Amino acid sequence: MNMLELIEKKRDGGVLDTKEIEFFVDGVTHKTIPDYQISSFLMAVLWRGMNDRETADLTMAMAHSGKICDLSDIPGVKVDKHSTGGVGDKVTPILLPVVSSFGIPCVKLSGRGLGFTGGTIDKFESISGFSTTVKPEEFKARIEKCGMLLGGQTEDLAPCDKYLYALRDVTGTVPSIPLISSSIMSKKIAGGADAIVLDITCGSGAFMKDLKSAEELANSMIAIGKLAGRPVTCVLSSMVQPLGAMVGNILEMQEVVATLQGQGRPDVIKVVTTMACEMIKRTPQGRGKSDEEIIGECKKKIESGEAFSRFGDLILSQGGILDASGCPIYVDEPFEVMTVYADRDGYVSRCDALEIGEASCLLGAGRMEKDDVIDMGAGIRLSKKVGDKVSRGDALFTLYTGSKARVSDERVDEALMKMDGAFEIADEPVETPKEILGVIS
Ligand code: URA
C-alpha cells in the first residue's frame, strides 16, 4: 500500500477500505507520511466525502491512535460535550461548573482554535498557570478530586486527530462532514465518556453554514455513536452572529466570569442551559425531571454562586491563579485600540459571525498559520447585536489587542474593514435570531 494510491483513489471518488484507512492513520500518527501528502488526502476527502463506514473506520482508527481511557470505575454517568466551533463560543467554561455542581463527573477534552473559530484550550490557557496537559492515567484521580477536568489532546490521546487538526486549520480542509465528525468523535471515544452531547453550530460563523448540513453532520455523529455504543445528542445552535458580547480569549473568559456571577447575556444563558439540560437528562440526577425543571435548577446554580465557586475549583485544580475575589488572573490585559460608533439611527439587522471571527483573527486572537502564537488579549467587544435598537453615536463595537503583542496598523485597518462589512443597520425593527434550532438524539 502507498499513500499516492490512496490519494488518487479518493481523488477519483473511490471508497477506501478499512485497511487503507488504518494505513493512513498509522502513517500520520507515526509521522511516516509527509505533510504534503496528508494535506492532499484531506483535500480529496473534503471534495469527495466518505460514506458512513469509511467515517466510522476513520473515527475508530483515530481513537485508537493513542490510549483509550477507561473511566468505568468512577461512579456516575460521565458525560462529555463538544462544539463544532463558533465565534464567541464560551459555552464550555460556563457549562462544566454548572453541570458539575449537580455532582455529575465531567471529563472535557477540548481543542484549540480552528480557522476563524476560537478554541476552548486557548481560552483556558489565557489564565496564568492553567495547564491543559492532563495525561489519561491522571483522569481518574482528577475527577475524584475536583469532579471535572478540562484537557487538551496529549501525545497519548487521539494523537492522529491532534496532528490532522492543526494541519486542517491551515490547509482549508476544516469544513468536511467526515473530517469534523471523525475528529470530534475520536476524541470523545478516546476520552472514555459514557454519553456525549454535541453543540452543532450553524450559520456563517460555523463550519456548517445551513440547517441541512448541520443536520447531516448531527446524523453522521449519531451514527458513529451508535457504532461505538455511546449515546449521542446533538443540539443545533445558531451561529449567524457571535455568541455573547466578547470574541477573543481573555475577553471571552471575562464574559464567562460575568455570566457565572449572574450577569450573563440571554443568548449565552440559553445555549448553556440547553446543553446542560441535555447532559443532565442522561444522568440519574436528571431522571424524572422535565426540561423546564432542569433548566430552572441550572439557572439557580448560577444565581446562587455555586457554579462560580465550582469554576474556581476547576481553575485551581489545573494550576490556574485566582485573585482574592475568585476571578482568574490572566497572562495579559486586553488593550483597547478603538471603538466604532453608529452613524445613523435604526436597528441592527446584521452582525456577521464569520466576518467578526476573521477580524478577531486579524487582530491576533486566532492563528493564521499552524505555529502562530495567539495574542491572548486580542479580540472584539460587541456593544450591539442583531435586533438591538441603535441611535446615531451609540458604540457598536470595540477592537482590542494584547498589551504585550500588538499587531501592525495594517492588520488593524484590515480588521476594521471586515467589521464594517459585518454590521448593517436597518430602519425597521428586526427580530432577535433564535439561539436553538433543534435537538436530535
Ligand atoms: N472541533 C473538533 O474537535 N474537530 C473539528 O474538526 C471541528 C471542531
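Colleague: Hi! At what angle do helix 5 and helix 11 pack, and how far apart are their axes?

Modeller: Hello! Bear in mind that this is a predicted model. In it, helix 5 (residues 91-100) packs on helix 11 at an angle of about 35°, and the axes are 9 Å apart.

Colleague: Which residues make that contact?

Modeller: Helix 5 contributes Pro-93, Ile-94, Pro-97 and Val-98. From helix 11 come Met-253, Val-256, Thr-259 and Leu-260.

Colleague: And how many of them are nonpolar, polar or charged?

Modeller: Seven are nonpolar and one is polar, while no charged residues take part in the contact of helix 5 with helix 11.

Colleague: Staying with helix 11, I clicked on Gln-254. Where is Gln-254 placed, and what is it in contact with?

Modeller: Gln-254 belongs to helix 11, which covers residues 249-263. If you set aside the neighbours within four places in sequence, Gln-254 is in contact with Met-246, Tyr-330 and Pro-334.

Colleague: How exposed is Gln-254?

Modeller: Gln-254 has a relative accessibility of 30%, so it counts as partly exposed; the partly exposed class lies between the buried limit of under 20% and the exposed limit of over 50%.

Colleague: I also had Leu-71 selected. How far apart are Gln-254 and Leu-71?

Modeller: C-alpha to C-alpha, Gln-254 and Leu-71 are 32 Å apart in space, and in sequence they are 183 residues apart.

Colleague: Changing topic to aromatics: how many aromatic pairs does the structure hold?

Modeller: There are four aromatic pairs. One of them is Phe-24 with Phe-41, whose ring centres are 4.2 Å apart.

Colleague: Why is the pair of Phe-24 and Phe-41 called tilted?

Modeller: Their planes are at 35°, so the pair is tilted; stacked would need under 30 degrees, and edge-to-face over 60.

Colleague: What lies over the face of Phe-102?

Modeller: That is Lys-301, at 4.9 Å from the ring centre of Phe-102.

Colleague: How many bridges does strand 8 make with strand 10, and how many with strand 12?

Modeller: Strand 8 (residues 346-351) pairs with strand 10 (residues 389-390) over two bridges. With strand 12 (residues 423-426), strand 8 pairs over four bridges.

Colleague: Which residues stand opposite Gly-346 and Tyr-347?

Modeller: Gly-346 stands opposite Val-390, and Tyr-347 stands opposite Lys-389. Towards strand 12, Arg-350 has Glu-424 as its bridge partner.

Colleague: Last topic, backbone angles. What is phi for Lys-31 and for Ala-158?

Modeller: Lys-31 is not a glycine, yet its phi is positive at about 60°. Ala-158 also has a positive value, near 40°.

Colleague: And where are they, buried or exposed?

Modeller: Lys-31 lies in the loop between helix 2 and helix 3 and is exposed, with a relative accessible area of 56%. Ala-158 lies in the loop between strand 3 and helix 8 and counts as buried, at 0% relative accessibility.

Terms used: Residues are numbered from 1 along each chain as its sequence is written. This is a predicted model: local features need pLDDT of at least 70, side-chain atom pairs count only at pLDDT 80 or more; totals for chains, interfaces and linings use all residues. Side-chain values use heavy atoms; hydrogens and water are left out. Rings of Phe, Tyr and Trp (its six-membered ring) pair if their centres lie within 6.5 Å; planes under 30 degrees apart count as stacked, over 60 as edge-to-face and the rest as tilted. A charge sits over a ring if NZ of Lys or CZ of Arg is within 6 Å of the ring centre and within 35 degrees of the ring normal. Buried means under 20% relative accessible area, exposed over 50%, partly exposed in between (1.4 Å probe, protein chains only). Contact means heavy atoms within 4.5 Å. Axes are lines fitted to C-alpha atoms, for helices over the stretch in contact, and angles run from 0 to 180 degrees between N-to-C directions. Ala, Val, Leu, Ile, Met, Phe, Trp, Tyr, Cys and Pro count as nonpolar, Asp, Glu, Lys and Arg as charged, and the others, Gly among them, as polar. Two strands pair if DSSP finds at least two bridges between them.
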